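Reader: Can you take me through this chain? I'd like the definitions along with the numbers.
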Amino acid sequence: MDIPASLAAAARGDQAAWDALVRQFSGLLWSIARAYRLSDADAADAVQCTWIKLVEHLDRITEPERLAGWLATTARHECLQLIRRSGRLPEPAEIEDSADPAPPVDHALLVGERDAALWRVFEELPDRCRRLLRVLMASPPPAYTEVAAALDMPVGSIGPIRQRCLNRLRALVRGEQVLEERS
């Protein structure tokens with residue numbers, strides 16, 4: 001995708017260009033919003049506000065080839081504004097009960113305890129690792145170029161940093177015995 005050309009066409013009102021930009025960057029914006037652990041509604045607001053900011057600032061985008069970075073930065077700001085306005089930290093994700101009656105009665109409780117322990121250990125990781133791992137957990141996973149733009153890191157360093165972060169998480173998990181076979 002030729003981002004500068006698509007951005008210029010979108011500025012002229014070309015709906016197909018807008019659609020292409022939205023397809024290209026929606027996954028990135030959603031992964032950033034989810035990294036802040038916003039509710040679905042707040043995440044949707046953050047993503048929508050980011051697109052509105054792009055419309056408002058179309059004439060001020062001086063480096064269209066860096067649009068992914070601009071969108072990522074704007075999405076992070078929108079997420080932080082939502083958190084500040086709400087006056088709360090984001091709630092941890094609720095774990096839904098399984099509709100499958102086959103697991104034992106305490107399965108969901110044990111899985112919930114394990115997941116909560118894993119998230120506690122996850123929060124012990126450095127901020128850079130938490131942000132990188134959350135962005136990489138997006139579905140579908142964003143391209144490394146998008147991750148690099150979103151997190152302001154070189155593309156070539158993403159894989160090694162990811163590996164170090166996962167190794168660190170494994171070490172923390174082993175230390176806490178989070179994944180002890182109970183379920």
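Author: Helices (H or I, at least four residues) and strands (E, at least two) are DSSP runs, numbered from the N terminus. The chain has 8 helices and 0 strands. This is a predicted model: local features need pLDDT of at least 70, side-chain atom pairs count only at pLDDT 80 or more, and totals for chains, interfaces and linings use all residues. Residues are numbered from 1 along each chain as its sequence is written, and side-chain values use heavy atoms, with hydrogens and water left out.

Reader: How many disulfides are there?
Author: There is 1 disulfide, where the term means a pair of cysteine sulfur atoms within 2.5 Å. Cys-129 and Cys-165 form it, with their sulfur atoms 2.2 Å apart.

Reader: Which hand does the disulfide of Cys-129 and Cys-165 have?
Author: The disulfide is left-handed, because the torsion about the S-S bond is about -75 degrees. Cys-129 lies in helix H6 (residues 127–136) and Cys-165 in helix H8 (residues 155–176), so the pair ties together parts that are 36 residues apart in sequence.

Reader: Are Cys-129 and Cys-165 buried or exposed?
Author: Both are buried. Buried means under 20% relative accessible area, exposed over 50%, and partly exposed in between (1.4 Å probe, protein chains only).

Reader: Different topic. How many residues are in the largest nonpolar core?
Author: It has 47 residues, and those with the most contacts inside it are Phe-25, Leu-38, Leu-54, Leu-67 and Leu-132. A nonpolar core is a set of buried Ala, Val, Leu, Ile, Met, Phe, Trp, Tyr and Cys residues joined through side-chain atoms within 4.5 Å.

Reader: Where does this core lie relative to domain 1 and domain 2?
Author: Domain 1 (1–89 + 106–117) and domain 2 (125–178) both give residues to this core, so it lies between them. The domain bounds come from an automatic or database domain assignment.

Reader: And what does Phe-25 touch?
Author: Leaving out residues up to four places away in sequence, Phe-25 touches Ile-3, Trp-51, Leu-67, Ala-68 and Leu-71. Contact means heavy atoms within 4.5 Å.

Reader: What share of the chain's residues count as buried?
Author: Of its 183 residues, 39% count as buried.
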